[in-house]
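Dear colleague,

I am handing over the structure below, and my notes on it follow. Please read them with the model open beside you.

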Amino acid sequence: MNAPDDPGDPDAPEEPLTCARCGRTADTLPLTWTFSVEDGRRVYFCEDCSRTNLRAIEGRLDSSWW
Ligand SMILES: [Zn+2]
């Protein structure tokens, strides 16, 4: 019943955005940022970290994702 950490509406993030890698913050999600869902929580990556992370993600997903 009482679930303060419930993801709720995925299109209405109200908490400040923080990059999961470098800790950068943003009031609203910049177009250059990306996010992924891990264990039901949204994890954000800033522009720089997205670029770095993307290669790791793509490498890791490789065969299992497709
Ligand atoms: Zn970052």
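**The zinc site**

The site of the zinc ion is tetrahedral, with angles of 104 to 117° among its four donor atoms (donors are N, O and S atoms within 2.8 Å of the metal, or 3.2 Å for Na, K and Ca, and water is not among the atoms, so sites may look incomplete; four donors count as tetrahedral if all angles lie between 85 and 135 degrees). The coordinating atoms are the SG atoms of Cys19, Cys22, Cys46 and Cys49, at 2.3 to 2.4 Å, and along the chain the donors follow the spacing C-x2-C-x23-C-x2-C. Cys19, in the loop between strand S1 (17–18) and strand S2 (25–26), and Cys49, in helix H1 (residues 47–65), are 30 residues apart, and the pair links distant parts of the chain (helices, H or I of at least four residues, and strands, E of at least two, are DSSP runs numbered from the N terminus).

This is a predicted model, in which local features need pLDDT of at least 70 and side-chain atom pairs count only at pLDDT 80 or more, while totals for chains, interfaces and linings use all residues. Residues are numbered from 1 along each chain as its sequence is written, and side-chain values use heavy atoms, with hydrogens and water left out.

Cys19 counts as buried because its relative accessibility is 4% (buried means under 20% relative accessible area, exposed over 50%, partly exposed in between, with a 1.4 Å probe and protein chains only). Cys46 is buried at 1%, and Cys49 is buried at 10%.

With regards

Terms used
Four donors count as tetrahedral if all angles lie between 85 and 135 degrees; four count as square planar and six as octahedral if opposite donors are over 155 degrees apart and all others between 65 and 115; anything else is irregular.
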